[in-house]
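Take a look at the structure below.

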Amino acid sequence: MPPALRRGDAHADRHRAQAFDQHMNMVLGDVTETITSIDTDEETFEQIVRSQSRDLDMLFVRGDGVILVAPPLRTA
């Protein structure tokens, strides 16, 4: 399982790291990207959470937009 990657309102659930550099610029392959947005209903003030996923063959991520890179979870 690849490391988790989070940037702003999006995160890469599944990917294969192709390349990276000292600035954390990354080229990812076979990516499933999930974008989450939270809106507030003006009448009920209820929060509405929306998630959209898309599959990409290749994705370039600029290092200054990366918030978190975490190791994959261990499975026993």
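What follows goes from a strand pair to single residues within it, then to the loops.

This is a predicted model. Start with strand β3, residues 26-40, and strand β4, residues 47-61. The two run antiparallel, and 14 bridges join them.

Now pick out a residue in each strand. Thr32 lies in β3. Its relative accessibility is 12%, so Thr32 counts as buried, because the cut-off for buried is under 20%. The side chain of Thr32 makes a polar contact with the side chain of Asp55, at 2.9 Å. Leu59 belongs to β4. Leu59 has 13% relative accessibility and therefore also counts as buried. In sequence, Leu59 and Asp30 are 29 residues apart. In space, their C-alpha atoms are 8.4 Å apart.

Next, the loops. Most residues other than glycine have a negative phi. Which residue in the hairpin of β3 and β4 takes a positive phi near 55 degrees? The residue is Phe45. Phe45 is not a glycine. It sits in the loop between β3 and β4, and the hairpin has six residues between its strands. With a relative accessible area of 64%, Phe45 is exposed, because exposed means over 50%.

Met24 is not a glycine, yet its phi is positive, at about 70 degrees. Met24 is in the loop between β2, residues 10-20, and β3. At 32% relative accessibility, Met24 counts as partly exposed.

Technical notes
Residues are numbered from 1 along each chain as its sequence is written. This is a predicted model: local features need pLDDT of at least 70, side-chain atom pairs count only at pLDDT 80 or more; totals for chains, interfaces and linings use all residues. Side-chain values use heavy atoms; hydrogens and water are left out. Two strands pair if DSSP finds at least two bridges between them. Helices (H or I, at least four residues) and strands (E, at least two) are DSSP runs, numbered from the N terminus. Buried means under 20% relative accessible area, exposed over 50%, partly exposed in between (1.4 Å probe, protein chains only). A polar contact is a pair of N or O atoms within 3.5 Å; within protein, one must be able to donate a hydrogen and the other to accept it, and residues adjacent in sequence count only if both atoms are side-chain atoms.
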